[in-house]
Amino acid sequence: RSDSDTPPFAIVSTVTTSGADYDPRMVIEPQTERIILLFTRDRDISARTVLETRSDDDGVTWTIPEVAFSSAKHVEVKVGAHDKSIVRVAYVSGYLKATYQLPGDEDPTAADAFFLKRADTGEDFTVEDQQFGISSSPTLESSWLLTVMKLDEMETSDWISTDDCRTWMRL
């Protein structure tokens, strides 16, 4: 972002100093213009963690990273098209785990996370590693779309949630 119509349009800042940090995802919280950055940190193969840090000054300074998802990787974070909610989703050992934050809510913690479930069976979603994407429906208010490669299927499938990303129905 820039306060003028001339370059530069970006601030370059180092957010993490660990060489084991990768897969960054960032959104801007619409109500506060807070920047939210999530990334995966590998301490070793068995100790992957998704961390979250925030900036309230356009990326000049950042909070100390906090655990968003334990034993997780491949995070996605999106802002809802209609209600401006924020959804964070990460891959956790064959499943998808998420947090859902409405405008004005406190930042969620790892303890607030829940597993995505299938509406038809009530079972947790099983997915192939890194084979998912989530987006807010541009046309259906309070709906989210999930494209995923399920563990038991050979091609991607599309799903919809109308209950804050908790349960999903196949499209």
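Strand β9 and strand β13 (residues 167-170) run parallel and are joined by 2 bridges. K117 stands opposite T167 in β13. Strands here are DSSP runs of E with at least two residues, and helices are runs of H or I with at least four; both are numbered from the N terminus. Two strands count as paired if DSSP finds at least two bridges between them.

This is a predicted model: local features need pLDDT of at least 70, side-chain atom pairs count only at pLDDT 80 or more, and totals for chains, interfaces and linings use all residues. Residues are numbered from 1 along each chain as its sequence is written, and side-chain values use heavy atoms, with hydrogens and water left out.

**Sheet and chain**

β9 and β13 belong to an open sheet of 5 strands, ordered β9-β13-β12-β11-β10, with mixed pairing. Its edge strands, β9 and β10, each pair on one side only. The chain has 13 strands and 0 helices.

Of the 171 residues in the chain, 39% are buried. Buried means under 20% relative accessible area, exposed over 50%, and partly exposed in between (1.4 Å probe, protein chains only). The chain exposes about 9,300 Å², and carbon and sulfur atoms supply 51% of it. These areas come from the Shrake-Rupley method with a 1.4 Å probe; for residues, only the protein chains shown count as cover. Contacts are heavy atoms within 4.5 Å. Among contacts between residues at least 6 apart in sequence, 35% join residues at least 24 apart.

**Aromatic pairs**

Rings of Phe, Tyr and Trp (its six-membered ring) pair if their centres lie within 6.5 Å; planes under 30 degrees apart are stacked, over 60 edge-to-face, and the rest tilted. The count is 2 aromatic pairs.

| Pair | Centre to centre | Angle between planes | Class |
|---|---|---|---|
| Y95 and F115 | 5.9 Å | 75° | edge-to-face |
| F125 and W159 | 4.8 Å | 75° | edge-to-face |

Y95 lies in strand β7 (residues 95-101) and F115 in strand β8 (residues 114-115), 20 residues apart. Y95 is partly exposed at 32% relative accessibility. F115 is also partly exposed, at 30%.

F125 sits in the loop between β9 (117-118) and β10 (127-136), while W159 is in strand β12 (residues 157-161), 34 residues away. F125 and W159 are buried.

**Charges over rings**

A charge sits over a ring if NZ of Lys or CZ of Arg is within 6 Å of the ring centre and within 35 degrees of the ring normal. K150 places its charged end over the ring of F125, 4.9 Å from the centre. R166 has its charged end over the ring of F114, 3.8 Å from the centre.
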